[in-house]
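Here are my notes on the two-chain assembly you asked me to look over. Please read them with the coordinates open beside you.

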Amino acid sequence: MSRKPDGTPLLEVRGLRAAIDGKEILKGLDLTVHAGEVHAIMGPNGSGKSTLAGVLAGRDRAQVTGGTATLDGRDLLALPPEERAVAGLFLGFQYPVEIPGVGNLYFLRTALNAQRKARGEEELDAVDFLGLAKEKMKLVEMDPAFMNRGVNEGFSGGEKKRNEVLQMAVLEPRLSILDEIDSGLDIDALRVVARGVDALRSPDRATVLVTHYQRLLEYIVPDRIHVMAAGRIVHSGGRELALELEQKGYAWVEP
Amino acid sequence: MGGTLKAAEQSLLGGQEALAPAPEFVASARRAGRASFERSGLPTTREEDWRFTSLAPLAAHAFGPADPAEPVDADELDRAAGRPFGPRLVVVNGRFRGDLSTAHGMPGGVHAASLQHAVAATPARVEGRLGRVLAAEGRPFAALNAAFLGDGAFVHVGPDARGGAVELVFVTTGRRAPVAVHPRVLLVADPGGQAAVVETYVALGDHPVLTNAVTEAWLGDGARIDHYQVQDQPGTAFHLATVAVEQGKGATLSTHSTALGAALSRSEVLVRLAGEGAEAHLSGLYMADGQRVVDNHSVIEHAVPQGTSREAFKGILDGASRGVFAGRIRVLEGAAKTDAHQLNSNLLLSRDAVVDTMPQLEIYTDDVKAGHGGTVGELDRDALFYLRSRGVAADAARALLIYAFAREMVERVRVPALRDRLGRLVASRLPGGTAILEAA
């Protein structure tokens, strides 16, 4: 594990509170993720895992009512979603959205170039981008024919998840939050997701896996596991925590 | 200060005396049109067909007759209407202009000329059709158009015509005062003839103009006609277009309208499937913002068995604009095995934008498949967030989604140069402009 010399975490969440339609879902959540780490957040349905992922990415479904979240020391909560992406945050969606009429490949290039431009980097032309996209498609075993369709248009559940990992691989975020990326996936697809996450393992990046099942963790070994219940993280530990959950279920963590 | 409806009607009838002398069948159509308009006057919102479209803004202007000899230079024309992509007939203020037109590349078997010329030179080809497809009675704007019947375009698609496109450009100029013009198109397709006809309506000058166009089309047995109308006028313009079509046995019509500009734009498409096995495809895209009004009326009449009609219109409404869609499908007694479907989808981009959508099915026979559907919605918030979460700025993400909605209607266009032009015209109205066209 490598840390920044000054010890600043890549992601630091303190006392985060958020509500949906006036109902508090996150109730003072703390989480620290350092560069180079892979974390898993586990917990029963309704514990607030997806709300946490959405709030960090800037989804306006939940209103933040308290606390802070910083990425590399920058106040995440003050940024619109696109600027969080530019800052290096990536959310892998539990339910990727179908957008007919917007080409997959065009979307991905638009996204990459929007981020590069905002960071003052040179934009990729169509040819260079295609080279990059092809390389990453191989990594996630994505049929290139899918790239000519609309975004996620007519994709199966597994293909949508592969597309999320493809986007992550092309955008190379500092922090990837993958929300239930394993739901509905067969073993082959899980392997592909794991490969995508592994490809991005580096001393200056981090990944947060949000998952209900420990099955994913047979393919991706996290450095830290957190158990979430009722809007807070109630246990944190190493990989042994996942096995404990597997044996005992979530009942013992319920408040 | 706005005038009264009566004053507006009087001023609209002015200038008839300046019309060129015409053969009796044209002169009598003029008299009948004038008499009909004098009886009906301009429609008001008390009439069912005009319930949602007030003509008060139109009646506020005294539209006078336009000068058909108005100088228009070719560059100015190309800027407004795009460069020609083939043979192009230009009609300025209702009169055919040879100086601006080119017949170069006319598709084989297709003949296109000034209507006035056709009336004088080949009256036999015109007389049985002109004013016969569209009954002006009860349609005040068609009646007003008939009162000024004289020129416009005549397109004859011979039996050997096998495709290719002719473009008709209608220019209305309001350089010195508000003017009204009433161009007419007569399209006759012989049995088996195939062609595409593109009508483009533009306006020049700073004064409000009223363009009141009528297109009559007659499709012989087995003819295949692709018909397009593009309305791209300044926000001060008023545009009324009536398209009336009668189809013979097995004839296939596709008529597609794109309404992009004007303060008030109304399209009426009236199709009669008069021969068995005829097929009609009606589609269109309308976009409005500000205080603009855009109205699409259609009536499809299945008069005989085994007709098919498909209707799909999409609207994009921003600001405090108003959209109207009224689609009537009439299946007459005896028109068994009719298959009719209608779809109207609307995207509202602001809280103040309004759309009224009214499907009307009138079915007088059994053994019919008829249906309609439609949506009125805002941009998909989940899709918007998805795009933004990948780093696409809010404005650009909105533009991508709006274009994605419109795209289907652009891609229906089968004349490649027109499809490209419409793609650019639609995209240029979105934040980020034409860069979005790569989204394909």
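This is a predicted model: local features need pLDDT of at least 70, side-chain atom pairs count only at pLDDT 80 or more; totals for chains, interfaces and linings use all residues.

1. In what follows, side-chain atom pairs count only at pLDDT 80 or more and local features need pLDDT of at least 70, whereas totals for chains and interfaces use all residues.

2. Chain A is built from seven helices and twelve strands. Its radius of gyration is 18 Å, close to the 18 Å given by the globule rule for 255 residues, so chain A is as compact as a globular protein of that length. Along the principal axes, the C-alpha atoms of chain A fill a box of roughly 55 × 40 × 40 Å, and buried residues account for 45% of its 255 residues.

3. One open sheet of chain A has four strands in the order β2-β1-β4-β5, with antiparallel pairing. Strands β2 (23–33) and β5 (74–75) of chain A stand at its edges with a single partner strand each, so one side of each is left without a neighbour in the sheet. Strand β1 (residues 11–20) of chain A is joined to β2(A) by eight bridges in the antiparallel sense, and within this pairing Ala19(A) has Glu24(A) in β2(A) as its bridge partner. Against this sheet packs α1(A), which touches β1, β2 and β4 (63–71) of chain A and whose direction makes about 70° with that of β2(A).

4. How many of the residues of helix α1 (residues 49–57) of chain A are buried? Nine of the nine are, so the helix is largely enclosed by the rest of the structure; among them are Lys49(A), Ser50(A) and Thr51(A). Just after α1(A), Gly58(A) takes a positive phi of about 100°.

5. Two residues of chain A deserve a look at their backbone. Glu172(A), although not a glycine, has a positive phi of about 45°; it is found in the loop between α5 (157–171) and β9 (175–179) of chain A, and it counts as partly exposed because it has 16 C-beta neighbours inside 10 Å. Ala230(A) likewise has a positive phi, near 50°, in a residue other than glycine. Ala230(A) lies in the loop between β11 (224–229) and β12 (232–237) of chain A and, with 17 other C-beta atoms within 10 Å, is partly exposed.

6. Strands β6 (residues 162–173) and β9 (residues 194–204) of chain B run parallel and are joined by ten bridges, with Val171(B) standing opposite Val202(B) in β9(B).

7. Between the chains, 18 residues of chain B are in contact with 23 residues of chain A. On the chain B side, the elements that give two or more residues are α8 (381–389) and α9 (394–411) of chain B, and α8(B) gives the most, with six residues. By class, this side of chain B has eleven nonpolar, two polar and five charged residues.

Notes
Residues are numbered from 1 along each chain as its sequence is written. Chains are lettered from A and ligands numbered from 1 in the order in which they are written. Two residues are in contact if their C-beta atoms, placed from the backbone, lie within 7 Å. Ala, Val, Leu, Ile, Met, Phe, Trp, Tyr, Cys and Pro count as nonpolar, Asp, Glu, Lys and Arg as charged, and the others, Gly among them, as polar. Two strands pair if DSSP finds at least two bridges between them. A residue is buried if 20 or more other C-beta atoms lie within 10 Å of its own, exposed if 12 or fewer, and partly exposed in between; C-beta atoms are placed from the backbone. Axes are lines fitted to C-alpha atoms, for helices over the stretch in contact, and angles run from 0 to 180 degrees between N-to-C directions. The radius of gyration is taken over C-alpha atoms; the globule rule is 2.2 Å times the number of residues to the power 0.38.
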